[in-house]
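Me: Hello! I am new to this structure and would like a friendly tour of it. Could you show it to me before we talk?

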Amino acid sequence: MTDARYFTTTKKGEIFELKSELNSEKKEKKREAVKKVIASMTVGKDVSALFPDVVNCMQTDNLELKKLVYLYLMNYAKSQPDMAIMAVNTFVKDCEDSNPLIRALAVRTMGCIRVDKITEYLCEPLRKCLLDEDPYVRKTAAVCVAKLHDINASLVEDQGFLDQLKELLSDSNPMVVANAVAALTEINETSRSGNPLMEMNAQTINKLLTALNECTEWGQVFILDSLSNYNPKDEREAQSICERITPRLAHANAAVVLSAVKVLMRFMELMPSDSEFVTNITKKLSPPLVTLLSSEPEVQYVALRNINLVVQKRPDILKNEMKVFFVKYNDPIYVKLEKLDIMIRLANQSNIAQVLSELKEYATEVDVDFVRKAVRAIGRCAIKVEQSSERCVSTLLDLIQTKVNYVVQEAIVVIKDIFRKYPNKYESIISTLCENLDTLDEPEARASMIWIIGEYAERIDNADELLESFLEGFHDENSQVQLQLLTAIVKLFLKRPSDTQELVQQVLSLATQDSDNPDLRDRGFIYWRLLSTDPAAAKEVVLAEKPLISEETDLLEPTLLDELVCHISSLASVYHKPPSAFVEGRSAGFRRVPLKPDGSAAAAAAPVEETPQATVIPSQDSLIGDLLSLDLNPPASHTAPAATNVPSNVDLLGGGLDALTWMGGGVHSPAEGQFLCHLRDPHTHRPARPPLPAPSAQSPLPATAQSLPRRTSPLRSPLTASAAAAAVSGRVTSPITNLVTSGVTSHATSPVTSGFTVAGICTNPFLAGFLDEDTILTLATDGDELLLTDHRPLGGDSSSGAPAPAAGGGMGGGTSAGLLGDIFGITPTPSNYMPPKQVWLPAAKGKGLEVSGTFCRRAGRVSMELTLSNRAMQPMSGFALQMNKNSFGLVPAQPLQVPMPVQPNQSTDVSLPLENNGPVQRMEPITNLQVAIKNNIDVMYFACLVPAHVFFGEDGMMDKRVFLATWKEIPAQNEMQFTIANLAMTADAISTKLQKENVFTIAKRNVEGQDMLYLSIKFINGLWALLEIKVAPGSSNITLAIKCRTCEIAPDISNSVEAILRA
């Protein structure tokens, strides 16, 4: 007969019958009655009236009956606290029972009864159980301390239970140690003091690691989690701990595996990323993570969310495991989408063909959400891996030809992003996109198509007709489409004003008079005022060059990523949010990456006191901000005193390149004096709408100001009080000192709505400091932003806008050394890198002569380092060497001098200096060098590749102004990007290494935690190359961008830079 019969009784006097049975003299009948009571309690019946009778059953030696009674007590003690005290004497007695199971059961039950009146009686039995001879009782008592702390924390501290708990860390039984760790961790997280209860030192760590091998899987999780909070004192200790934790990666429990991964990921931050130990751990981390993907879908999803963090932090761990993330037909949608995201993160040039093939297959699936994500993934591949962009675009065009509505619309959205990333490269496909115009019904797709039409209106003959077709249902469109349509038609008007006047008037009228959307209305008024007062300014603003979109827009912020890595195997790693975002009252929720032995943070340092610094925060979309934001040639009256109070870590060169490559001023160039401001109503603090001006054919600017190129620089700090007051009064008249020339100014004003304040932010700390009395600003716009324009000449000839030549002195010195020496402390140093020798001519082809060699730069010229080995049976002598025409005109500066005959099986080293004044002929590849070498046996021929760095001249330090002008002049399509993988170096170390090889640093800056270096190279034939190096914190990859008039040399530069850095 089964226990199901206890749940089937329906007698009317059930409680009465149970009461009589509980008081029966027969033990068997009493046990049956308790089982019936528990069954009734389980199905939700109220049997609390039987509390005294059940408590009387505690006095028994039957372990099964005692467990059932304790279960009843835990459930009803809270509702019957006065009667629960009746059981205290029995609990105390059971805690001294000879059976360890009963002792443990008693102390466990007392800890689970959350009644204040009982806790005071629990202290003495608990203290005895913590010292019990049986480990099962001790481990149960350890957990009971944590439960008691949750009920009455002060009681636990006063009774000294915490000290006893710490002593259990030294217990001989691993399960006792594991439970003590779990209890201390739980108490620590709920403690209000925030002080760590567990003193983690080498001795404690050793005990925990010893217990790790023998305790249960959940005990291992507790211990590993505790170890992840430990900061090793040095690299050697971290390696020792990692070696003892690594076997946990092979555990069958996924929780143990992920906890081990968490500890290893944290401790790897303490070691150099290029060390052999880190390489070995990286190899060991891959198989267990892959194994997790063979579990059930729910575990797979948790594993994938954790793997997503691991891949962002250390992509090398799974770089060769792309196939395991390929989607299976029977995967749930949540697993599919997560796999897709990881595939994109792991995509690189070597596996992109495989990835694109998979993504194209996914785009034909039946699951609409998955198909959309797959199409977007193809676009992300194009943006991330430049070499694959053409193939990605071709794939997207194939998908568009399928005419599947949602596929076409997603493809158009991602193609818009590809156009942003690679301007003037794939515009030939626009006609194909326009064919699908009528099928677009989703706002994002329609907005993307409108953006494409407006951006390339000059290439689309019927652009006005296409945009006009959208106007027919303007009021029914989504606000995103309306805003895009307004901007696109204004762009079209500025490009083709003669035949689109009616169209622009129609859209401005719809946007300003018939719309209730404040954003749309404000943008319409801004465009209307711009077009009616200063069409030239409108052209500069609306048709300005756009920054390239970034490669990875969905990466987690570095400090958040570091914190989440410390929470791998917890809910935080699944949500990708810190614990404080979804758990309240946890004081120990925040964790950080351990400190390196020198005290510096491995990836995310502890919070430091904020001090004002002259830093530049560029646009989110651009990694190149404002390279020269300070006065290069200040007038004598503004000479800065020596030893100003500028922090030592301030980047004196400010930001990047874009703003100052506009210095020549042009139709498509934003002006360099414009300040980003938002007009706001002083009462409501909402964006204000300026009044519509009367259309005017004349610009309000004086003739001198109209002829001058304008200059823009977005403000990111509050305007001066005088500027704000002037804005409130209706006129912006705040002048700015000319920072580039000797202070030439021109005055013009532009009305600003009276009664509205100007709120601005200045990215340029130097400009913010010069908002005084020398320059007049006028109002302009950029999309839906208002800008103040500074109408000043850039120096030199005001009619041409050419910059004045730099004068000597200060930071505008005529020589590059004078310009940068004080800032960077740069002094030319001799080259010291020599690639290892390679066999250029094998003995089999050289008739016994083997030629090995390399190149280096010595004493300001190229040197050919040769090793001549005689593998023949006779001596070799009479050596001579000659070079064919080559790309750099290399010829021997002197005859090849081999003083003694080379005997059989002997070798000799020879150094041959080279000049670059010989005949020039373009070679393929460009650094190829063909050589003929003669001896007493015959003439032999061989070819070799000259490493690019030996051509880097010592005079490659470029003036900042020339650097900017050169960057602007070199076409955008001549910029090539490379990734140096598995190399972790600081920006300073990179700069120092490259400086020795004549790669000169022009500027260094920090953008959102990423270090940026701008460098210049001058080849010995006069060719210049400009470099941008991006170093992301915690990443083992370095991004290198090269801009050069001769694109063919860029890969060779990249190879040389990588070789130098790895040396």
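This is a predicted model: local features need pLDDT of at least 70, side-chain atom pairs count only at pLDDT 80 or more; totals for chains, interfaces and linings use all residues.

Me: How many bridges join strand E7 to strand E10?

Reply: Strands here are DSSP runs of E with at least two residues, and helices are runs of H or I with at least four, numbered from the N terminus. Two strands pair if DSSP finds at least two bridges between them. E7 (residues 861–870) and E10 (residues 907–915) run antiparallel, and the number of bridges joining them is seven.

Me: Which residue in E10 is the bridge partner of Pro-892?

Reply: Strand E9 (residues 891–892) also runs antiparallel to E10, joined by two bridges. In E10, the partner of Pro-892 is Leu-914.

Me: Are the rings of Trp-840 and Phe-942 stacked or edge-to-face?

Reply: Rings of Phe, Tyr and Trp (its six-membered ring) pair if their centres lie within 6.5 Å; planes under 30 degrees apart are stacked, over 60 edge-to-face, and the rest tilted. The whole structure holds twelve aromatic pairs. In the pair of Trp-840 and Phe-942, the centres are 5.9 Å apart and the planes are at 20 degrees, so the pair is stacked.

Me: Why does Phe-942 count as buried?

Reply: Buried means under 20% relative accessible area, exposed over 50%, and partly exposed in between (1.4 Å probe, protein chains only). Phe-942 counts as buried because its relative accessibility is 7%.

Me: How many residues apart in sequence are the parts that Phe-952 and Phe-1019 tie together?

Reply: These two rings form an edge-to-face pair, 5.4 Å centre to centre with 85 degrees between the planes. Phe-952 lies in the loop between E12 and helix H37 (960–969), and Phe-1019 in the loop between strand E15 (1010–1018) and strand E16 (1024–1031), so the parts tied together are apart in sequence by 67 residues.

Me: Which ring does the charged end of Lys-336 sit over?

Reply: A charge sits over a ring if NZ of Lys or CZ of Arg is within 6 Å of the ring centre and within 35 degrees of the ring normal. The charged end of Lys-336 is 5.2 Å from the centre of the ring of Phe-370.

Definitions and conventions:
Residues are numbered from 1 along each chain as its sequence is written. Side-chain values use heavy atoms; hydrogens and water are left out.
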